[in-house]
Amino acid sequence: MGRNLRSTNLLSNLPQLQNLIKRDPRSYEEEFNQQLHHFEASLAIFELKPDEEAKEFGEIINFLSQVARCYPQKSARFPGQLIDLLQKHYPVLNAELRKSIVQALILLRNRGVISNVTVMPLFFTLFRCRDKKLRSMLYSHIVNDVKVANKGKHRDHKLNKSLQSFMYTMVTAADAQDKHGEGAMAAKKSLDVCIELYRKNVWTDAKAVNVIVQACFSPINKIMLTAVQFFLNPLKKSNEGDEDDEDEPSTNGESAGQTKKNRVNFMMIQHQSNINRKTKYRTRVLDKATRIRKREQAKRDGQLPDEEDEDGIVNGGKKKKGSSGPAVNFDALSLVHDPQSFAEKLFARVHRSATATKRGGSTTDRFEVRLLLLKLISRLIGHHQLQVLAFYPFLQRYLQPHQVDVTQILALLANASHAFTPPDVLQPLIRAVADNFVSDHCAPEVMCAGLNTVRAIAARQPLAVDPDLLNDLVMYRKHKDKGVMMAARSLLVLYRQINPEMLHRRDRGREATMGLISGAPGSTPLGFGEVRAAEGVEGAELLDLPSEDESMDELEYASALGSDLEASEVELEESDDEVDETSDEDEGEDDALELVSDGSAMSEDEGDGSGASEDEDAEPIVNDEGAEPVVKKRVDMMRFLTSEDFARIEKLKRRQRQEGAGRQPKKSKTDDGYSDYSDAEAGSDDEQTGEVDDWAILGDYHSRRRRRKATYEERMDSIRAGREGREKFSSSKAKREKEGRSLSNREKRKTKDFRMISHKRSVVTKGKRKLSQKRRELRQHITKQKKKGF
């Protein structure tokens, strides 16, 4: 009697029975069979009316999912029954019951009862449910499950291929084109999964990227913007809970809301600290709020990078402790199958949206949406060197100083320029930028943006700038505004390096002029579409130079560096004198022609004694017998270069640039302490290799980006460095402390309190002077002041 009662209680108390079965499965096999039969009977009844709540049915499913692995043979049909139930009735199921079934399947998948290939298509189908919590749970499980399946060097290609094909079908499906349909929700979450797996370095292949490419053509702005923002910033973490937001570009919406909230909290904490009693706790709270506010302000100013997730870089460059080594992250734009048609389709949408009207019945995108599409098109054109000739005239309508986000438009214009862009297509745009931005009636910020845009385009396509326009823009190097002056000088030095023939003779500089006369390799500018073939490894001749740890005289080091580090730049202030400069260049030409005819090496610095040293590695070696000169072979022609050699080449290149920036003429140094050569070289390197942003268009002087405040140690180091060699300008106190002496009694008396010296004889006598004596001393003082010490 007692045994039967206990078994009856176990059947009604499922948590206790679950605990007992996990401890001893064999002893409670009969109870499990009873519960399994009860589930099958309840399932048959439930399918007759699947929209019921059926709370007891959900408890049985939860119980069987917990103990199914204890009886693998008897519970073999159980996962399939749950999958069939969800596939048939998932739209009408109760939300709690549907969540319980999904949790049971996730538990069975985590314990290895069912395979991920079986259950993953069902989970993607459940993205169609109008249940935000369910979609969020499925999203987290899918991302983690696929990540675990592709952990380490192992890749589950079968799973990846099937899921990517399924995602492609969901994104391009017909019901995914309806904004209010269920297919749009499923396509959006599938796209989020694909982007998150790329960000976690799980799916970095071309097939996953081209699934996202198809999402860029979606008529739904939410899906399209998510895909476009991925290509603009592949490593930026996407927002998971944004599917119920409005159809707007979510570039800065969340951060703006957080900033406003933090600003309100900071103001409230600051007000409370002012009116309440000061305590240590309130001081700590105020300090913490101040640090958070400064950090967010630094992020807005561009001083701090965005923090990455646990798989990336955390806290400004520090890797997470448990993370693996740096994984290879391929550029997403490089994996696009057909970038030409991709860019043309995107531009067709932008053009159609810009010219459409709501009266005609066609849809028009907001300007922010079109701007994001234009950014992606420009990045595709610059990365793949595409030919979308209609893109450039389309941008000309936006080249006005009063245009919204005009700096971003100028930046994407520069990014869309490359060496194979026809110069006649870019010339009208450069002329429009010069007419609208670079004029005396414009503000200095506008002029600086225009000059920097012209320089950014010229760094990629030098033939796009007309010589007359170039010489007119170079004349702004004497502008009173510092930012305009720096931008014009950087443009001048850029053309001294890439095409000095377009400049006037007085503006070319001594180094460029001597290079044109001597016909040095690389001095002749390339034509449109022309490519200079490489004769060897670039920078291999630098391997003959000594490293920093090797001892060498400055004279020998300057000789080994060659013409790049000679003091050969013309001073910009002195180059404006046409008569003097022309005479100097004529003399330089005559001397250079004599040197070339004699067959000897040509020195670029005529007034410096170090210019007499020659580069022996580049000069031919003449035998004593009078035989023909033997040219010394390059290092890369005699042996294979190792990875250490390439690392040393890069190190010597950086050293050469630093030396070139350090040895500059005295008058060519601008007021902010930067040389013209270093500014232009750095700008041209960045523009030729990287992307141009709106900060680069505005320039360092006029941009709102502020430098990080130096710490106390950095400020003291700078002060001590500035004091070296300036002992004669130091204060008397510093001199006295250096000599180890103190103040005299007369000097100390000046800082004493009056009550300490009121009884002194000199003070008492001074107060008892006669009126005539005071008048006489006053006249003597006035006479002395008139003579000013003489």
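Reply: Happy to; we'll take the terms one by one, keeping in mind that this is a predicted model.

Me: Let's begin with rings. Why is the pair of Phe124 and Phe166 called tilted?

Reply: Two values decide it. The centres are 5.9 Å apart, and a pair needs them within 6.5 Å. The planes of Phe124 and Phe166 stand at 55°; under 30 degrees would be stacked and over 60 edge-to-face, so this pair is tilted. By this rule the count comes to 15 aromatic pairs.

Me: What makes the Phe124 and Phe166 pair a tie between separate parts?

Reply: Phe124 belongs to helix α7 (residues 116-125) and Phe166 to helix α9 (residues 157-171), so the pair ties together parts that are 42 residues apart in sequence.

Me: Why do Phe367 and Tyr398 count as buried?

Reply: Buried means under 20%. Phe367 is at 19% and Tyr398 at 8%, so both names pass that cut-off. Ring pairs also link Phe367 and Tyr398 into a cluster with Phe347, Phe391, Tyr392 and Phe394.

Me: What makes Phe391 stand out in the largest nonpolar core?

Reply: Of the 152 residues in that core, Phe231 and Phe391 touch the most other members. Helix α16 gives the most to the core, with 10 residues. Leaving aside neighbours within four places in sequence, Phe391 is in contact with residues including Phe347, Leu374, Ile377 and Leu412.

Me: Why are α10 and α12 called roughly parallel?

Reply: Helix α10 (residues 182-199) and helix α12 (residues 221-232) pack at about 10°, with axes 10 Å apart. Angles under 35 degrees count as roughly parallel, so the word applies to α10 and α12. Among the residues that meet are Ala184, Leu191 and Tyr198 in α10, and Ile223, Ala227 and Phe230 in α12.

Me: Is Ser190 buried or exposed, and how do you know?

Reply: Ser190, found in helix α10, has a relative accessible area of 1%. The cut-off is under 20%, so Ser190 is buried. Apart from neighbours within four places in sequence, Ser190 is in contact with Phe124, Phe127, Met167 and Met170.

Me: And why is Glu56 called exposed?

Reply: Glu56, in helix α4 (residues 55-67), has a relative accessible area of 52%. Exposed means over 50%, so Glu56 is exposed. Glu56 and Leu97 are 41 residues apart in sequence and 9.8 Å apart in space, C-alpha to C-alpha.

Conventions. Residues are numbered from 1 along each chain as its sequence is written. This is a predicted model: local features need pLDDT of at least 70, side-chain atom pairs count only at pLDDT 80 or more; totals for chains, interfaces and linings use all residues. Side-chain values use heavy atoms; hydrogens and water are left out. Rings of Phe, Tyr and Trp (its six-membered ring) pair if their centres lie within 6.5 Å; planes under 30 degrees apart count as stacked, over 60 as edge-to-face and the rest as tilted. Helices (H or I, at least four residues) and strands (E, at least two) are DSSP runs, numbered from the N terminus. Buried means under 20% relative accessible area, exposed over 50%, partly exposed in between (1.4 Å probe, protein chains only). A nonpolar core is a set of buried Ala, Val, Leu, Ile, Met, Phe, Trp, Tyr and Cys residues joined through side-chain atoms within 4.5 Å. Contact means heavy atoms within 4.5 Å. Axes are lines fitted to C-alpha atoms, for helices over the stretch in contact, and angles run from 0 to 180 degrees between N-to-C directions. Angles under 35 degrees count as roughly parallel, over 145 as roughly antiparallel, 65 to 115 as roughly perpendicular and the rest as oblique.
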